[in-house]
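This report describes one protein chain for a reader who has not seen it before. The sequence and the structure come first, and the description follows.

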Amino acid sequence: MARRRHAAVLAAVLAALAGCVDSGNVRTAAAGRDTPEVPPQRIVSLAPSLTETLFALGVGDRVVGVTRYCAYPPEVRDLPVIGGHLDPNFEAIVSLEPDLVLLIPSGEANARRLEALGVPVLQIDQHDVRSLLESISVVAAACGVDDAGERLRSELERRLAAVSVVVEGTPRPRTVVVVGHDIGGGVVRSVWAAGPDTFYSGVLEIAGGVNAVEGGVVRYPEVSREGLTALDPDVVLDVVAGIEERGREIDQILAGWQRLTELRAVREDRVRVLEGDLMVVPGPRLPEMVREVAMSLHPELDWTTP
């Protein structure tokens, strides 16, 4: 049962992170830059990152439906739930009478189904740091709050630049960012790691690290224990969302790494577990995420300045 819960959470995380690619025919972010004559007043969000973006822009009062994975800010939990990103309840969505549904491009099939039902949709690309910052402006324009979008984006860019200043000139450790793993017999047997064309790779760059995983067809490839040994990273960042759903504790996860003594990161005690939805939601809390990663990569630096 715990293994099935783990698989379900991992699937949702990988879909949200790896599926953010532009899709072609369905209305996408680039098509959403024009401010509408009548801004939408009843919005359904099909991704936690988009929900957070709407609230950060000050239009949370227009949100009438969210996914089961949307948990921030806290008031989101009082909103109607329309299923998940991969398995939305179309009947529930239509019943909310939305004048806009926001989703990420990995939900293209869902977007086409909603359009066939007469529901306006807008796909937002957030697959890397650049597109995430651009998405702030896109969502703001779609909601008719361009000025709020400019302010929010400028603030995020300022805070990201502040982290870059702190880590400037320091050695950049080769890092593997793990977004899921198979732990069997108390030891990590394989992991799903962030490749170079991912959101996390951009986070590493800002935070003063470098991605140890090379490019490939899959953005989040599965890497065996032997593959990890070949990479031999300086640091392993194990990103864990939904620890309770996975039925594990942080100590158990760390213990799963300790037997991989062939890894430099294990021998030098540089495996870090970064937990919480903050670490898997590519939204307006990006600066907090980058700071957490930077502190894990460079604990020797002075992080007392906000």
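## Overall make-up

Helices (H or I, at least four residues) and strands (E, at least two) are DSSP runs, numbered from the N terminus. By this definition the protein chain has twelve helices and ten strands. The model is predicted, so local features need pLDDT of at least 70 and side-chain atom pairs count only at pLDDT 80 or more, while totals for chains, interfaces and linings use all residues. Residues are numbered from 1 along each chain as its sequence is written, and side-chain values use heavy atoms, with hydrogens and water left out.

Of the 306 residues in the protein chain, 56% are buried. Buried means under 20% relative accessible area, exposed over 50%, and partly exposed in between (1.4 Å probe, protein chains only). The accessible surface of the protein chain is about 13,500 Å², and carbon and sulfur atoms supply 50% of this. Accessible areas come from the Shrake-Rupley method with a 1.4 Å probe; for residues, only the protein chains shown count as cover. Among contacts with a separation of 6 or more, 65% are between residues 24 or more positions apart. Contact means heavy atoms within 4.5 Å.

Strands of a sheet pair through backbone hydrogen bonds, either parallel or antiparallel. Four strands form an open sheet in the order E2-E1-E3-E4, and their pairing is parallel. Strand E2 (63-65) and strand E4 (121-123) are the edge strands, each pairing on one side only. On average, neighbouring strands of this sheet are turned by 35° against each other, direction ignored. Two strands pair if DSSP finds at least two bridges between them. Strand E3 (residues 100-103) is joined to E4 by three bridges, and the two run parallel. Leu103 is placed opposite Gln123 in E4.

Two helices pack on the sheet. Helix H2 (residues 48-56) touches strand E1 (43-45), E2 and E3, and its direction makes about 140° with that of E1. Helix H4 (residues 108-116) touches E3 and E4, and its direction makes about 160° with that of E4. Axes are lines fitted to C-alpha atoms, for helices over the stretch in contact, and angles run from 0 to 180 degrees between N-to-C directions.

In H2, eight of the nine residues are buried. Leu50, Leu54 and Phe55 are among them, as is Glu52. The cover over the buried residues of H2 includes E1, E2, E3 and helix H5 (129-142). Just after H2, Gly58 has a positive phi of about 85°.

## A pair of helices

Helix H7 (residues 199-207) packs against helix H12 (residues 286-297) at an angle of about 60°, with the axes 9 Å apart. Residues of H7 that meet H12 include Phe199, Tyr200 and Val203, and those on the H12 side include Met289, Val290 and Leu297. By class, this contact of H7 with H12 has twelve nonpolar, no polar and no charged residues. Ala, Val, Leu, Ile, Met, Phe, Trp, Tyr, Cys and Pro count as nonpolar, Asp, Glu, Lys and Arg as charged, and the others, Gly among them, as polar.

## Backbone details in loops

Tyr72 and Pro73 are joined by a cis peptide bond, with omega about -5°. Pro73 lies in the loop between E2 and helix H3 (90-95).

Glu97, in the loop between H3 and E3, is a residue other than glycine with a positive phi, near 55°. Glu97 counts as exposed, because its relative accessibility is 60%. Asp232 is not a glycine either, and has a positive phi of about 45°. Asp232 is found in the loop between helix H8 (225-231) and strand E9 (235-240). Asp232 counts as buried, because its relative accessibility is 17%.
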